[in-house]
Amino acid sequence: MCAIFGFYLNRELNINDINLGKKALKMLEHRGPDDSGIWFNKKKGIFFGHNRLSIIDTSHLNKQPMSYNGTTLTFNGEIYNFKEIKKKFENKFPKFKTLGDTEVLLKLFHFNEKKTLDYLDGMFAFACFKDKKLFLAVDHFGEKPLYYAKLKDGIYFSSEAKPLIKLLKLSLTNDKKLKTEFTLFGYINSPNTIYQNLFKLEPAHYIECTTQDKKIRLNKKKYWTVKSRSFSSGAIQPIGKDKIENIREILLTSIKSRMISDVPIGLFMSSGIDSILIASLIKKELNQNIDTYTVKFNSKKVHDESTYAKRIAKHLGLNHTIISSDYKKNYNLDNLLELYSLDPNDNLTIFSIFAMSQLARKNIKVA
């Protein structure tokens with residue numbers, strides 16, 4: 001994952017604004033340890049910052065924020081079909097200087113603007129600035145988060161909530177409905193958060209930010225929705241071979257696109273059917289080996305899946321690593337809130353993911 005941070009203000013930037021942006025990037029450097037960059041235009045009141053985790057085309061040419069003919073992009077995520085997009089527009093776009101997806105997204109937006117979203121298959125949160133207009137967008141299912149704060153002087157955005165909360169000194173809300181929502185579900189549903197003036201951009205949404213009468217105007221729209229499906233009543237019918245084959249092909253296409261990487265890649269594997277199915281398809285259908293990782297929990301308070309996961313990895317002939325997790329050491333409310341960047345969430349699986357990530361990072365860069 002990478003980190004993006006920025007703001008668009010209704011006034012010219014000053015040195016304090018630039019320093020705030022740099023402080024935010026410092027708070028987000030864990031998301032992008034490979035490189036960091038900033039871009040700003042004082043007169044136009046715009047600042048972009050980026051921390052990079054290099055995965056595709058790790059050369060310095062892919063440094064962000066990236067600009068082309070007056071359009072500037074800062075981008076977190078991965079565009080799975082960037083090669084297909086590149087081929088589709090190869091006669092319309094100027095010659096590419098890089099082999100990655102960032103330049104493809106930048107030029108696609110430069111020539112298509114919000115229609116860009118019609119072409120994308122991926123997980124992403126990005127910001128583009130062109131012609132005095134800021135454009136923010138997140139992917140179809142909201143895999144990559146994007147928080148934004150609306151204040152009197154403009155809009156601020158970030159991959160995580162913490163920099164916005166701390167640097168803008170945002171206060172907790174007194175909205176009882178949101179507190180009840182958290183008690184019921186264990187999280188606050190987007191676009192709301194538990195903080196005043198702080199929001200999270202919903203899945204499949206974009207925001208256009210423009211200036212009018214020295215005020216930043218926001219226009220938020222949904223660009224995609226899941227197609228409705230109707231199911232016949234009565235007894236459940238078995239799935240035919242043709243449909244099973246169709247599901248298999250969809251899975252293989254999806255997995256292959258997510259394995260495009262110029263750095264080592266691995267798989268976090270539980271004993272559940274999803275990760276085991278992915279491991280099986282990679283080994284048996286794609287004929288590739290992949291390192292697998294599972295956390296072992298010694299405490300009876302947590303369900304341990306490591307024994308069964310180890311058996312599956314051995315059956316498939318995959319190199320498997322079991323990671324020991326100290327329940328008492330890692331599991332407390334302070335750690336939980338910090339891992340969620342001060343955005344309350346009661347999903348404890350983040351502890352096991354964090355434990356796996358810490359150890360797996362020594363051998364792989366993508367999971």
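Trainee: Where is the place of Pro65?

Mentor: The model is a predicted one. A cis peptide bond joins Gln64 and Pro65, with omega at about -5 degrees. As for its location, Pro65 lies in the loop between β3 and β4.

Trainee: Which residue does a cis peptide bond join to Pro191, and where is the place of Pro191?

Mentor: Most peptide bonds are trans. Here the bond has an omega of about 10 degrees and is cis, with Ser190 as the partner of Pro191. The place of Pro191 is the loop between α5 (176-185) and β10.

Trainee: In what order do the strands of the open sheet containing β4 and β12 stand, and which strands are at its edges?

Mentor: The sheet has 6 strands with antiparallel pairing, in the order β4-β5-β6-β7-β11-β12. Each edge strand has a single partner, so one side of it is left without a neighbour in the sheet; these strands are β4 (66-68) and β12 (215-222). From one strand to the next, the twist averages 20 degrees.

Trainee: Which helix packs on the sheet, touching β4, β5, β6 and β7?

Mentor: The strands touched are β4, β5 (71-79), β6 (122-130) and β7 (133-138). The direction of the helix makes about 130 degrees with that of β5. The helix is α3, residues 101-112.

Trainee: How many bridges join β11 to β12, and which residue is the bridge partner of Gln212?

Mentor: Strand β11, residues 205-212, runs antiparallel to β12, and 8 bridges join the two. For Gln212, the bridge partner in β12 is Lys215.

Trainee: Is Thr102 buried or exposed, and with which residues is it in contact?

Mentor: Thr102 is found in helix α3. Its relative accessible area is 5%, and a residue under 20% counts as buried, so Thr102 is buried. Leaving aside neighbours within four places in sequence, the residues in contact with Thr102 are Asn62, Gln64, Met66, Leu73 and Phe75.

Trainee: What is the order of the strands in the open sheet that contains β2 and β10?

Mentor: The edge strands are β2 (35-41) and β10, each of which pairs on one side only. On average, neighbouring strands of this sheet are turned by 15 degrees against each other, direction ignored. The sheet has 6 strands and antiparallel pairing, in the order β2-β3-β1-β9-β8-β10.

Trainee: Which residue in β9 stands opposite Phe7, and which helix packs on the sheet, touching β1, β2, β3 and β9?

Mentor: Strand β1 (residues 3-9) and β9 pair in the antiparallel sense over 5 bridges. Within β9, Tyr156 stands opposite Phe7. The helix touches β1, β2, β3 (46-52) and β9, with its direction at about 160 degrees to that of β1; it is α1, residues 15-27.

Trainee: How many residues lie between β8 and β9 in their hairpin?

Mentor: Strand β8 (residues 147-151) and strand β9 (residues 154-158) run antiparallel and are joined by 5 bridges. Leu151 stands opposite Gly154 in β9. In the hairpin that β8 and β9 form, the number of residues between them is 2.

Trainee: At what angle do the axes of α6 and α7 cross, and which residues of α7 make the contact?

Mentor: The axes of α6 (residues 241-258) and α7 (residues 273-285) come within 11 Å and cross at roughly 85 degrees. The two helices are therefore roughly perpendicular to each other. From α6, the contact is made by Arg248, Leu251, Leu252 and Ile255; from α7, by Leu277, Ile278, Leu281, Ile282 and Glu285.

Trainee: Is Lys169 buried or exposed, and is Ser341 buried or exposed?

Mentor: Neither is a glycine, yet Lys169 has a positive phi of about 55 degrees, as does Ser341. Lys169 is found in the loop between α4 (161-167) and α5, and Ser341 in the loop between α10 (333-339) and α11 (349-360). At 71% relative accessibility, Lys169 counts as exposed. With a relative accessible area of 4%, Ser341 is buried.

Terms used: Residues numbered from 1 in each chain as written. Predicted model: local features only at pLDDT ≥ 70, side-chain atom pairs only at ≥ 80, totals over all residues. Heavy atoms only, no water. Pairing = 2+ DSSP bridges. Helix = DSSP H or I, 4+ residues; strand = E, 2+ residues; numbered from the N terminus. Axes fitted to C-alpha atoms, helices over the stretch in contact; angles between N-to-C directions. Contact = heavy atoms within 4.5 Å. Parallel < 35°, antiparallel > 145°, perpendicular 65-115°, else oblique. Buried < 20%, exposed > 50% of the residue type's maximum accessible area, 1.4 Å probe, protein only.
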